[in-house]
Amino acid sequence: MQVTETLNAGLKREIQVVVPAQDMEARLLERLNDAKGKVRINGFRPGKVPVQHLRKMYGKSLMAEVVNDILSKSTSSILSERGEKAAMQPEVKMTEDEKEAEKILAGQADFEFSIAYEVIPAIEIQDVSGIAITREVYDVPESEIDEQALRIAESARTYTTKDGAAENGDRVTMDYVGKVDGEAFEGGTDTGANLVLGSGQFIPGFEDQLLGVKAGDEKTIEVTFPADYQAAHLAGKAATFDVKVSEVSAAEPIELNDDLAKNLGLESVERLRDIIKTQLENQFGSLTRQKVKRQLLDALDAAYSFEAPGRLVTAEFNNIWLQVTRDLEQAGKTFADEDTTEEEARAEYQRLAERRVRLGLVLAEIGEKAGVQVSDEEMQRALFDFVRRYPGQEQEVYDFYRKNPNALAELRAPIFEEKVVDHLLAQVSVTDRKVTKEELLADDEAEKAETAETADAAEEAPKKEAAPKKKAAPKKKAAKAEDAGSAEGAE
C-alpha cells in the first residue's frame, strides 16, 4: 500500500492511497483459498474445488469484500500512523468509472482512492487555578414555599353550584364557538369548558363580559386578539364567541391542611411543603449551575484560541440555524420582528457555532487527559430518563438507542461534559454570593442563547415565571401536585 499526502493546509488533509494490483490479487487468493474448504459445489468433493473455478463463480464478490476491508481498516490505520485525529468521519473517494471499477474487481488494475479529512488541532491544556467564579446562591424562603403551596391548593380548589350571577372568583362552565369574520376558526370551539373569572386565562376582555351571567344564559362576547398573539393568523383580529353557560359555581375556601395533601395523593401538608421546597431548590440550583458554567466557559473561551475544524462548525451551525428558522416559522415571525436581518443572524449564530465547537474540543481534551469516564450505570440511568419521555413507546425507543452507538453517544456527551465541568470547578476559585430571586433570574438574550455551549449539551434552568399564554380557546388544565413549584425551563 502506497500512501501519499497530497494536501496539508491548515487543518485540512488529503491522502492518496494506491494498493497495487498484485497486492489485491494476493488478498483475493487468500479469500479464495479460505473459501475452498467451506463452499459446497455439485460435482466436487469438499475442499477439492479448483481455485480458478471458485474465482469464476465468486471472484468479483470476494474482491468487493477485499475493497471494503481495505477501506474500513486503512483510514484508521493511516490516521494512527500519522498521529492524527479526524474531526469527523473522513471522506473517501474512489473511481466512478465503471470500466476502471471492473478492472479492479477483476484484479487487473491498481486500487486507488483518496481520504480527505480535517484534523483536530493540538490543544495544550492550560492551568485553570487562576480562574475566579462567583456562584450566585438563592435561599428559598418559607414564604415562597407557602406561595407555591397555595397555588397547588388553588388548582385543587372545590366549587359548589350557585343560583346567582357569576362574580370574580366564580367558576363558569360553558360551551363556546369562536368566530372571525363570521367563520368558526380552528381551536376556538369547546364544550364543558371551565373558566375561573379573574384568573386571566383568556384574552383581554373575555372574562369581564361573563360577569353577571347565570346558568342557562347565552351570550355573544366580542374581543380582539392581542397584536402579539402567538397564533399569527389570529393576531390583532376581532373575534366573537357564542357562549352558552351551563353552570356557575362558587369557590370553597382554601385551607392548607392534611386533607388537602391527601386529596393530592400525599400523606400530609408537611410532605407537600417538603416536595415544593426540594423542587424549588433544584430549579434555582439549576440556574445557579448554569450561570457558574457560563462563567467557566467564558474563561475557557478567552484562554483558548485556535482554528476550529470547518466541517464541525458547519454541522453545528446547520443544527442551530434549523432550530432558529423552525422557531420563527412556528411563531409566524420574521427576522425583522426580532430587530435583526437574516445576514446579521447568520453571522451571530456562526460565531456561536465556532465557540461551541472550540469549547467542545477543549472540554473533550481536558476530560480525556483527566481520565473522565461515563459509567455504564450513568448511561443506563440517562437512557431510562430519556425513554420515559415517550410514554407508550418506551421499549421501541429503548431498543433503538441500544442498537445505535451514535444515538447512545448523543446521550453520553452531555453527561461527559458535566463531569468535565465538575472536574474544572474543583480546580478554580469559586466564591458564593447570596442573591435575591430577581438577581438570580436576571439574564440577557445572549446568555440564554449560549446556555448550551457545545453541540450536545443543554441544561434545564428555571426562568422568570411568566403569565400563562392567552388562548383562543380558554381551556386550561389544572396543575398537578407533582408540578408543585415548577418554573418554566429551557433546554
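Predicted model: local features only at pLDDT ≥ 70, side-chain atom pairs only at ≥ 80, totals over all residues.
Local features need pLDDT of at least 70 and side-chain atom pairs pLDDT 80 or more, while totals for chains, interfaces and linings use all residues. Residues are numbered from 1 along each chain as its sequence is written, and side-chain values use heavy atoms, without hydrogens or water.

**View 1. Helices α1 and α2 pack at about 120 degrees.**
α1 covers residues 21-36 and α2 residues 51-82. Their axes lie 8 Å apart. The crossing is right-handed. Contacts (heavy atoms within 4.5 Å) include M24, L28 and L32 of α1 and L54, L62 and V66 of α2. The contact residues divide into twelve nonpolar, two polar and seven charged.

**View 2. Helices α6 and α8 cross at roughly 90 degrees.**
The axes of α6 (269-303) and α8 (342-370) come within 10 Å. That makes α6 roughly perpendicular to α8. R294, L297, D298, L300 and D301 of α6 meet R355, R358, L359 and L363 of α8. Four of these residues are nonpolar, none polar and five charged.

**View 3. The largest nonpolar core holds 47 residues.**
A core joins buried nonpolar residues through side-chain atoms within 4.5 Å; buried means under 20% relative accessible area, with a 1.4 Å probe and protein chains only. L296, L300, Y349, Y401 and L424 touch the most other members. α8 gives the most, with ten residues.

**View 4. L424 has contacts beyond its sequence neighbours.**
Leaving aside neighbours within four places, L424 contacts V128, L296, L300, L363 and I366. Another core, of 25 residues, lies apart; Y176, L195, F241 and V248 are among them.

Key
Axes fitted to C-alpha atoms, helices over the stretch in contact; angles between N-to-C directions. Helix = DSSP H or I, 4+ residues; strand = E, 2+ residues; numbered from the N terminus. Left-handed = near helix turned anticlockwise from the far one by under 90°. Nonpolar A, V, L, I, M, F, W, Y, C, P; charged D, E, K, R; others polar. Parallel < 35°, antiparallel > 145°, perpendicular 65-115°, else oblique. Buried < 20%, exposed > 50% of the residue type's maximum accessible area, 1.4 Å probe, protein only.
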